[in-house]
Amino acid sequence: QVQLVESGGGLVQAGGSLRLSCAASGRPLGGYRMGWFRQGPGKEREFIAALRWTLGITRYADSVLGRFTISRDNAKNTVYLQMNSLKPEDTAVYYCAAGFGYNWDNNYNYWGQGTQVTVSS
């Protein structure tokens, strides 16, 4: 089992920045993918970014490429999502997820509770 706890959400003006954190516990994350997803009002959940824990290889959705950065701290077992140049359309509940295996298309097995990000215009 992997437990995930997100933090760092809040209210920010358009053009601002936020950094989300996802603290993982329960087992080492070697061999896992860590992902960030979001679900906006009235929208389906969408993929934002992912990272292969051991090598740090990353992948991004086109909508956030160049604005968001996923990273990890091995010592803290924590993954981050640095969000810059935020737009009102980035408003959503952001979820952290963990999935075993490095295939990007595999399902994610564990999910956090989500953290709200609201971007005002």
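Trainee: What share of the 121 residues in the protein is buried, and what makes a residue count as buried?

Mentor: This is a predicted model, and buried residues make up 45% of its 121 residues. A residue is called buried because its relative accessible area is under 20%.

Trainee: What secondary structure does the protein have?

Mentor: There are 11 strands and zero helices. Along the sequence, the pattern is β-β-β-β-β-β-β-β-β-β-β.

Trainee: Why is the protein called as compact as a globular protein of that length?

Mentor: The globule rule gives 14 Å for 121 residues, and the radius of gyration is 13 Å, which is close to that, so the description holds. Taken along the principal axes, the C-alpha atoms fill a box of roughly 40 × 25 × 25 Å.

Trainee: How many of the contacts between residues at least 6 apart join residues at least 24 apart in sequence?

Mentor: The share is 57%. A contact here needs heavy atoms within 4.5 Å.

Trainee: What is known about the surface and the charges?

Mentor: The accessible surface comes to about 6100 Å², and 47% of it belongs to carbon and sulfur atoms. The protein has 12 positive and 8 negative side chains, with the centres of the two sets 6 Å apart.

Trainee: What makes strand β4 mostly covered?

Mentor: Strand β4 covers residues 32-39, and seven of its eight residues are buried. Each of those seven is counted because its relative accessible area is under 20%.

Trainee: How do you know that β4 and strand β9 pair?

Mentor: Two strands pair if there are at least two bridges between them, and β4 and β9 (residues 92-100) have eight, so they count as paired. The sense is antiparallel. Within this pairing, M34 stands opposite A98 in β9.

Trainee: What joins β4 to strand β5?

Mentor: Six bridges join β4 to β5 (residues 46-52), and the two run antiparallel. R38 stands opposite E46 in β5, and W36 stands opposite A49. The hairpin of β4 and β5 has six residues between the strands, and G42 there takes a positive phi near 70°.

Trainee: Why is β5 called largely enclosed by the rest of the structure?

Mentor: Five of the seven residues of β5 are buried, so the strand is largely enclosed by the rest of the structure.

Trainee: How do you know that β5 and β6 pair?

Mentor: The requirement is at least two bridges, and four join β5 to β6, so they count as a pair. The two strands run antiparallel. A49, already placed opposite W36, also stands opposite Y60 in β6. In the hairpin of β5 and β6, with four residues between the strands, G56 takes a positive phi near 75°.

Trainee: Why does I57 count as partly exposed?

Mentor: I57 has 36% relative accessibility. Buried means under 20% and exposed means over 50%, so a value in between is partly exposed. I57 lies in strand β6, residues 57-60.

Trainee: Which residues does I57 touch, not counting residues up to four places away in sequence?

Mentor: I57 touches A50, L51, R52 and W104. As for Y102, it lies 45 residues from I57 along the chain, and their C-alpha atoms are separated by 9.7 Å.

Terms used:
Residues numbered from 1 in each chain as written. Predicted model: local features only at pLDDT ≥ 70, side-chain atom pairs only at ≥ 80, totals over all residues. Heavy atoms only, no water. Rg over C-alpha atoms; globule rule 2.2 N^0.38 Å. Buried < 20%, exposed > 50% of the residue type's maximum accessible area, 1.4 Å probe, protein only. Areas by Shrake-Rupley, 256 points an atom, 1.4 Å probe, with all protein chains shown as cover. Lys, Arg positive; Asp, Glu negative; His and termini not counted. Charge placed at Lys NZ, Arg CZ, Asp CG, Glu CD.
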